[in-house]
Amino acid sequence: MKPYQTVPIAECHEPLVQIPDHFFKINPHPYIALGAPYGDQSPFFVRQGILERLQKSQIYLQTLHPNYQIAIFDAYRPIPVQQFMVDYSFAQLAASKGLPIDNLTELQKDLLMTEVIKFWAVPSNDPQMPPPHSTGAAIDVTLFNAELNTELLNMGSPIDEISDRSLPDYFASSSHPQAFAFHRDRQLLNAVMTHSGFARHPNEWWHFSYGDQLWAWISNKNLAIYGRANSAC
Ligand SMILES: C[C@@H](N)C(=O)N[C@H](C)C(=O)O
Ligand SMILES: [Zn+2]
């Protein structure tokens, strides 16, 4: 169990709403492309209050950089998708280390899973400890430069990479000009998201949330307001 999972939830019952098309949504959606089991649900839903905060962040970003947009990589994530992505990431990590997925020792499994859950939440079905994206209050985002049209900004590492490069301040102390730009753009993303109240995941430059257990824990609040979302979307 992670420390934030002990935060009590006072569910506020806001609906999940679709993220409108004027937002830049990364397509094809990466987990759908992998075959994740969404059924008739969509990743591009969030709670009503999260959409309002996203809009506020987008407006603020455009006062700083008129050509930039927040690019949405992922938002609502049903628990079967969380399970699928944890299993997928575990298999990918084993393969990247040359380990045979069907013939791992218990120790190897434990070590691999420890690395995976540094970045992925456990796909818990317990309503007291929902995975952050199952609440509709967490989003994975990056920056898009509309002037260059095809350009997602290079933030120094791809979203979901299981490595230290994903840590938000990984490039902070490098004097290399490209590393300086990576850190500057991660700081920009964090500034526009925290402007509307989101908090960033300690290990992931791209993951932000408001009102879920992780947000409450990071922000020293006693209560989360978003538990597992009612997935009738
Ligand atoms: C790994 C990333 N896509 C992510 O969303 N991580 C958080 C912690 C999660 O799984 O909820
Ligand atoms: Zn996330």
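The model is predicted: local features need pLDDT of at least 70 and side-chain atom pairs pLDDT 80 or more, while totals for chains, interfaces and linings use all residues. Residues count from 1 along each chain, chains are lettered from A and ligands numbered from 1 as written, and side-chain values use heavy atoms, without hydrogens or water.

His 133 counts as buried (under 20% relative accessible area; exposed is over 50%, partly exposed in between; 1.4 Å probe, protein chains only), because its relative accessibility is 3%. Asp 140 is also buried, since its relative accessible area is 1%.

Contact here means heavy atoms within 4.5 Å. His 201 sits in the loop between strand 7 (199-200) and strand 8 (207-209), and it counts as buried because its relative accessibility is 11%. Helices (H or I, at least four residues) and strands (E, at least two) are DSSP runs, numbered from the N terminus.

The loop between strand 7 and strand 8 also holds Glu 204. An unreviewed UniProt entry lists Glu 204 under "active site"; such annotations may be inferred rather than shown by experiment. With a relative accessibility of 3%, Glu 204 is classed as buried. Not counting residues up to four places away in sequence, Glu 204 touches Lys 118, Phe 119, Trp 120, Ser 166 and Pro 168.

Strand 7 and strand 8 are among the elements against which the buried residues of helix 5 pack; the others are helix 2 (48-64), strand 4 (68-74) and strand 5 (138-145). Helix 5 covers residues 177-195, 19 residues in all, and reaches 27 Å from its first C-alpha to its last. Its buried residues are Ala 179, Ala 181, Phe 182, His 183, Asp 185, Arg 186, Leu 188, Leu 189, Asn 190, Val 192 and Met 193. After helix 5 comes Gly 197, with a positive phi near 105 degrees.

Strand 4, one of the partners of helix 5, is largely enclosed by the rest of the structure, because six of its seven residues are buried. Strand 4 pairs with strand 5 in the antiparallel sense over six bridges, with Tyr 68 opposite Asn 145 in strand 5. Strands pair if DSSP finds at least two bridges between them. Strand 2 (residues 24-25) runs parallel to strand 4 and pairs with it over two bridges; here Phe 24 stands opposite Ala 71 in strand 4.

Note on methods:
The expected span of a helix is 1.5 Å times one less than its number of residues.
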